Amino acid sequence: MNGSVDPVPETEEAVRASEVPESIGVVGGGRMGSGIAQVFATQGARVSVVESDAAAATAARKRVADGLAKAAERGKLEEDSATVLERVTVLDDLTLLPSDVELVVEAVPERADLKVDVLTGVESAVSEDAILASNTSSLSIAELGAALREPGRFVGMHFFNPVPPSKLVEVVTAPHTRESVAHRVRSWVRALGKTDVVVRDSPGFATSRLGVLLGLEAIRMLEEGVADAAAIDNAMELGYRHPMGPLRSTDLVGLDVRLAIAEYLHSTLGERFAPPQLLRDKVAAGELGRKTGRGFFDWS
């Protein structure tokens, strides 16, 4: 395998949904990682979720189980939730990843150094035919891939929170990403019942760049007393038909996550992404959104 990009781009018509891989790995079993594991297992894949230790691995399995139970309650599962859960294995060591994994998705926190450590570890643990992907929402795929021996098999797969009902997956291609890799990933996304949007590698890609900018401006408006949080969100939901307002969306993503992305975009794209002081203050106070019970709204 070389790291070159195929010279002729595929046509949209050439991409068709295929079956999901028989075996995949997900590194990081938090809210995003467990959601990614859930959707692949629901479609028949054997999923190995890797966490940092045994306790974290057990917690990751519980998140998947809880997600499947909720899906079953809503009538979204064609199989019994226990049957789907049997396809999910939790591990506490990258070297225990099955030899036949076709795809490994990294879903650890948004820190470049941590992601590089995980991705290089995964590359050493799996076969040379496996595709490696990052669920990063903003970090450069080219820079993360530069640490790999075979960057041609590396791509961004940016899922959205919560993963099971969200329809979009941003497929981020760097100059080194082989066209055949992007094609397979797009076909797997479609097999999950989701829609792929292909974006060239750029800070924040398409969705985070636009979504964070809107969210930061909403926080500045709240900070300046233009309107309260509910009014700002209602204005965007009713006036622009957004399914969720920017402040409630920030609560869902996590204020700490949004701050980290904003700081990265500020450093790469300039002052328009400078985080408002209100965002910094709330993160410092531990008001991180839904996961802590309070952010711009009360979730308790």
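Me: Which residue of strand 2 does V26 stand opposite?
Reply: In this predicted model, strand 1 (residues 23-27) and strand 2 pair in the parallel sense, and 5 bridges join them. Within that pairing, the residue of strand 2 that stands opposite V26 is V49.

Me: Is strand 1 mostly covered or mostly open, and which residues lie on each of its faces?
Reply: Strand 1 is mostly covered, since 5 of its 5 residues are buried, where buried is taken as under 20% relative accessible area. The cover extends to both faces.

Me: What is the order of the strands in the open sheet, and which strands stand at its edges?
Reply: The sheet has 8 strands with mixed pairing, in the order 3-2-1-4-5-6-7-8. Neighbouring strands are turned against each other by 25° on average, with direction ignored. Each edge strand has a single partner strand, so one side of it is left without a neighbour in the sheet; these edge strands are strand 3 (88-91) and strand 8 (195-200).

Me: Over how many bridges do strand 4 and strand 5 pair?
Reply: Strand 4 covers residues 103-106 and strand 5 covers residues 131-134, and the two pair in the parallel sense. In this pairing V105 stands opposite A133 of strand 5. The number of bridges between strand 4 and strand 5 is 4.

Me: What angle does the direction of helix 2 make with that of strand 3?
Reply: Helix 2 (residues 54-73) packs on the sheet, where it touches strand 2 (46-50) as well as strand 3. The angle between the directions of helix 2 and strand 3 is about 160°.

Me: Which strands are included in what covers the buried residues of helix 6?
Reply: Helix 6 (residues 179-191) has 13 residues and reaches 18 Å from its first C-alpha to its last, close to the 18 Å expected at 1.5 Å a residue. Its buried residues include V181, V185, W188 and V189, and after the helix comes G193, with a positive phi near 85°. The cover over the buried residues of helix 6 includes strand 4, strand 5, strand 6 (154-159), strand 7 (168-173) and strand 8.

Me: What radius of gyration does the protein chain have?
Reply: The protein chain comes to 11 helices and 8 strands, and buried residues make up 48% of its 300 residues. Along its principal axes, the C-alpha trace spans about 55 × 45 × 40 Å. A compact globule with 300 residues would have a radius of gyration near 19 Å, and the value for the protein chain agrees, because it is 19 Å.

Note on methods: Residues are numbered from 1 along each chain as its sequence is written. This is a predicted model: local features need pLDDT of at least 70, side-chain atom pairs count only at pLDDT 80 or more; totals for chains, interfaces and linings use all residues. Side-chain values use heavy atoms; hydrogens and water are left out. Two strands pair if DSSP finds at least two bridges between them. Axes are lines fitted to C-alpha atoms, for helices over the stretch in contact, and angles run from 0 to 180 degrees between N-to-C directions. Contact means heavy atoms within 4.5 Å. The expected span of a helix is 1.5 Å times one less than its number of residues. Buried means under 20% relative accessible area, exposed over 50%, partly exposed in between (1.4 Å probe, protein chains only). The radius of gyration is taken over C-alpha atoms; the globule rule is 2.2 Å times the number of residues to the power 0.38.
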